[in-house]
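These are my notebook entries on a structure I went through piece by piece. I wrote down what I looked up and in what order.

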Amino acid sequence: MSQGLTYVRKTSSAEATKQLAATLAPYLRPQDAVVLSGDLGAGKTQFVQGVACGLGIREQVTSPTFNILLDYEGSTGLPLYHFDLYRLDDVSQLDDIGYYELVEGPGATFIEWGEKFPEALPFDYLGIELSVDADQVRTVKACAYGDRSRRLLFVWAQDSKSRLVKK
């Protein structure tokens with residue numbers, strides 16, 4: 001699939017990355033999918049923590065590396081499904097964890113390591129690529145793949161608190 005609308009922002013700390021992610025939360029709707037990619041330690045789970053805070057989730061949000069899936073519900077009523085596919089070996093394992101049902105379900109889905117199974121990615125999703133340099137400066141690159149994600153990224157970028165810059 002060709003790359004769509006793209007925005008970028010650099011953040012100087014994990015906390016700044018969480019604050020950026022929190023600005024996405026008000027625009028999320030049921031069946032929105034966000035695919036997070038980046039090296040270990042790049043800030044994928046921290047990004048989800050920021051979104052969770054923006055959704056009014058009071059529980060501690062942790063990496064679902066060992067659980068594969070963690071789900072949360074906050075004060076907005078929008079469930080947050082957080083997948084980490086790092087430990088899965090085969091696309092058939094997605095059936096066992098209810099992946100497809102939740103991606104098409106009533107919440108917003110965040111998928112870490114989704115690039116392992118490109119054939120299983122939703123048709124429409126927001127891709128977030130995180131990288132961190134030697135000075136701990138993170139680059140957050142957001143790309144829209146599909147009409148809904150394009151609208152989502154556009155309104156998120158228009159939020160002055162996000163400070164996203166069109167690439």
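**Aromatic pairs**

I then turned to Tyr-125 and Tyr-145, a stacked aromatic pair at 4.8 Å centre to centre with 25° between the planes. Here again the pair links distant parts of the chain, with Tyr-125 in strand S6 and Tyr-145 in strand S7, 20 residues apart. Tyr-125 counts as buried at 14% relative accessibility, and Tyr-145 is likewise buried at 14%.

**How the model is read**

I note that this is a predicted model, in which local features need pLDDT of at least 70 and side-chain atom pairs count only at pLDDT 80 or more, while totals for chains, interfaces and linings use all residues. Residues are numbered from 1 along each chain as its sequence is written, and side-chain values use heavy atoms, with hydrogens and water left out.

**Overall picture**

I listed five helices and eight strands for the protein, and from the N terminus on the elements run β-α-β-α-β-β-α-α-β-β-β-α-β. The radius of gyration, taken over C-alpha atoms, is 15 Å, which agrees with the value near 15 Å that a compact globule of 167 residues would have, the globule rule being 2.2 Å times the number of residues to the power 0.38. The C-alpha trace spans about 40 × 35 × 35 Å along its principal axes. Of the 167 residues, 52% count as buried. Among contacts (heavy atoms within 4.5 Å) between residues at least 6 apart in sequence, 65% join residues at least 24 apart.

**Nonpolar cores**

I next asked which members of the largest nonpolar core touch the most others. Of its 34 residues they are Phe-47, Val-51, Phe-110, Ile-128 and Trp-156, a nonpolar core being a set of buried Ala, Val, Leu, Ile, Met, Phe, Trp, Tyr and Cys residues joined through side-chain atoms within 4.5 Å. Among the elements that each supply at least two residues of this core are helix H1 (14-22), strand S5 (108-112), S6 and H5. Apart from it I found another core, of 19 residues, among them Ala-33, Ile-68, Tyr-81 and Ala-120.

Leaving aside neighbours within four places in sequence, Phe-47 is in contact with residues including Thr-17, Leu-36, Phe-110, Ile-128 and Trp-156. Phe-47 is also one of the buried residues of helix H2 (residues 44-54), which include Val-48 and Val-51. Just after H2, Gly-56 takes a positive phi of about 80°.

Most residues other than glycine have a negative phi, so I looked for exceptions. Ile-68 has a positive phi near 75°; Ile-68 lies in the loop between H2 and S3 and is buried at 9% relative accessibility. Trp-113 has a positive phi near 65°; Trp-113 sits in the loop between S5 and S6 and counts as buried at 14%.

**Two single residues**

Thr-11, in strand S1 (residues 6-11), is buried, with a relative accessible area of 2%. Its side chain makes a polar contact with the side chain of Thr-17 at 2.7 Å; a polar contact is a pair of N or O atoms within 3.5 Å, where within protein one must be able to donate a hydrogen and the other to accept it, and residues adjacent in sequence count only if both atoms are side-chain atoms.

Is Asp-147 buried or exposed? Asp-147, in helix H5 (residues 147-158), is exposed, with a relative accessible area of 58%.

Technical notes
Helices (H or I, at least four residues) and strands (E, at least two) are DSSP runs, numbered from the N terminus. Buried means under 20% relative accessible area, exposed over 50%, partly exposed in between (1.4 Å probe, protein chains only). Rings of Phe, Tyr and Trp (its six-membered ring) pair if their centres lie within 6.5 Å; planes under 30 degrees apart count as stacked, over 60 as edge-to-face and the rest as tilted.
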